[in-house]
Amino acid sequence: MGDVTEKEMNNLTFKSDTVLSDVHLHCPNKRRLMVRLNAVGQPVFLSYFKLLWNTDVQASEKYAREDTTEREHQYSSGDEVCDKDRTNVKNERELMTEGIEALLDDDGDLEVVRRPQTAPDLQAENLLRNRVYPVILMKGKEDAFEDEEQECTCSDVIKIEHTMATPLEDVGKQVWRAAFLLADYILFKRDTFRCCTVLELGGGTGITSIIMGTVANRVYCTDVGEDLLAMCEQNVALNKHLMEPGGGEIKVKELDWLKDEFCTDPEALYSWSEEEIADLHDHCTVIMAADVFYDDDLTDALFRTVYRITHNLKNSCMVFLAIEKLNFTLRHMDVTCEAYSHFRNTLNDLENLQDGKMKYNVEPIKPDFCQFLSYERIEQL
C-alpha cells in the first residue's frame, strides 16, 4: 500500500469510478475492522449488524421442522405451539410488536430515521450528515473491538465481510439497502418461508440468504466471480450458528445470468452437481433478488433467467424482488431512476407474457412492515 499514514487511512477518499454503499453512511463514524485484502487488492471489512428483535424464537425452529410430518397444521412461535383452530398469540403480530419496541423512544414514540429533504431542514433540525471518517482497525487489533463484541450475542448479530467502495462491476461485494429491506420482510413473514427451498439471484455478500437460512430448509445463494463467491461463503461460515437451531442450509453456487445453463464443470469452484440442479427443480418454491437492477442488459438477463428457471420448476413459485429506485447505472455513471423504469417495463412484459406455458402475477408489497435491522429505510425502497 506504499507509504500510507494512519491519518490517510482514516480519512478515506474515493475515486470517481468507485461506488460507496449508503448503508455505511447511516453510521458515518462507526469503526470498521479491516480483516484482509481480497484477491484483487480491495480492503475487506468486518461489520456487525444487530437484529432489533428477540431472536429466542429461533430456538423453536428445529422443533417446528422435525414435527412437521406429525403436526401438519401446527407451528412453533416462541414457546407456544398452535394448530389451525387455535389463536396463536405469538404469531407475526407479536413479532412485529417485538421489532417495533426496539425502535421506541423513552416516551413510547416510534423513532424513524429519515433523510432530511432540504438544506433548511438540515440546519433547522441539526441533522447535517457528518463527513465519513471510518476508523480502520487492522487485523491483530481485535482487542480494540472488544467493547462492540461484548454488546453482541451470538443470536442477535450478523457478521458480514464486505468492501466499502468498489468499481461498478464489483458492487456485489458491498452491502445495499434493498437487501436489508428483503431481510426485514423475511423476518416479518417467517411462516411464509418456513422449510422452503429458496434460490437467491445476485446474492452478493450473502446477508439476505443468511437471514433466509434461519427459516428456510435450503438456500442456494448464487452470484458470479470466484472472489465474490468466496466472500459470500466466508459470511455463511461466520453466521453458521444462526442457521443451526433450525437446521437450515446455505449452498453458495455460481449462476451467470448471461448463460443458458448451470455451471456443472466439476473442476470449477461453486459449480452445480446434477443432484443439486434436480433438487432445485423439484423443491424450489421461492426465488429472491435484491439490489440487482442497475443496468438494463443485466435486468433483461435476470428476467430471462427467472423465466428459464421457473419454467423448469415442478411447483408454483413466488419471486420476491427488492429494489432502491435511485441507484447508479453503468450507462450514466450517476444516480438516476432510469434503471428502475426499465425494471418496471420488463416486469410488466413478464406479467403480460402469453406463451401458454407460464402465468406470472405481479403484486407490489408496501414497505411498511416492521424493521428488524438497523439501516435507513428511505422512501425510495
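**Getting to know a predicted chain**

Modeller: Welcome! The chain holds 13 helices and 15 strands. Please keep in mind that this is a predicted model.

Colleague: How much of the chain is buried?

Modeller: Of the 381 residues, 46% are buried. The chain exposes about 19,800 Å², with carbon and sulfur atoms supplying 48% of that area.

Colleague: What share of the contacts join residues at least 24 apart?

Modeller: Taking contacts between residues at least 6 apart in sequence, 72% join residues at least 24 apart.

Colleague: Let's take one residue, then. Why is P43 called partly exposed?

Modeller: Its relative accessibility is 30%. Buried would need a value under 20% and exposed a value over 50%, so P43 counts as partly exposed. You will find P43 in strand β3, residues 43–50.

Colleague: Which residues does P43 touch, leaving out those up to four places away in sequence?

Modeller: They are M34, R36, L37, H162 and T163. P43 and T163 are 120 residues apart along the chain, yet their C-alpha atoms are separated by 6.2 Å.

Colleague: On to the rings. How many aromatic pairs are there?

Modeller: The count comes to 14 aromatic pairs.

Colleague: What makes the pair of Y185 and F320 tilted?

Modeller: The ring centres are 5.7 Å apart, and the limit for a pair is 6.5 Å. The planes meet at 45°; stacked needs under 30 degrees and edge-to-face over 60, so this pair is tilted. The pair links distant parts of the chain, with Y185 in helix α6 (residues 177–188) and F320 in strand β13 (residues 318–322), 135 residues apart.

Colleague: Why does Y185 count as buried, and why does F320?

Modeller: Buried means under 20%. Y185 has 13% relative accessibility, so Y185 counts as buried. F320 has 10%, so F320 counts as buried too.

Colleague: Why is the pair of F193 and F320 called edge-to-face?

Modeller: Here the planes are at 70° and the centres 5.2 Å apart. An angle over 60 degrees counts as edge-to-face, so that is the name for this pair. The pair also links distant parts of the chain: F193 lies in helix α7 (residues 190–193) and F320 in strand β13, 127 residues apart. Both F193 and F320 are buried.

Colleague: Which residues form an aromatic cluster with F320?

Modeller: Y185, F188, F193 and F369 form one aromatic cluster with F320.

Colleague: How do you know that the charged end of R308 sits over the ring of F262?

Modeller: The charged end of R308 is 5.6 Å from the centre of that ring. The distance limit is 6 Å, and the charge must also lie within 35 degrees of the ring normal. R308 is listed as sitting over F262.

Colleague: Let's finish with strand β9. Which way do its residues point?

Modeller: In β9 (residues 197–200), T197 and L199 point one way while V198 and E200 point the other way, and all are buried. In a regular strand, side chains alternate between the two faces of the sheet.

Colleague: How do you know that β9 pairs with β10?

Modeller: Two strands pair when there are at least two bridges. Four bridges join β9 to β10 (residues 218–223), and the two run parallel. T197 stands opposite R218 in β10. Together, β9, helix α8 (residues 207–213) and β10 make a right-handed β-α-β unit.

Colleague: How many bridges pair β9 with β12?

Modeller: Four bridges pair β9 with β12 (residues 284–290), in the parallel sense. L199 stands opposite I287 in β12.

Key
Residues numbered from 1 in each chain as written. Predicted model: local features only at pLDDT ≥ 70, side-chain atom pairs only at ≥ 80, totals over all residues. Heavy atoms only, no water. Buried < 20%, exposed > 50% of the residue type's maximum accessible area, 1.4 Å probe, protein only. Contact = heavy atoms within 4.5 Å. Areas by Shrake-Rupley, 256 points an atom, 1.4 Å probe, with all protein chains shown as cover. Phe/Tyr/Trp six-rings, centres within 6.5 Å; stacked < 30°, edge-to-face > 60°. Right-handed = clockwise from strand over helix to strand, strands pointing away.
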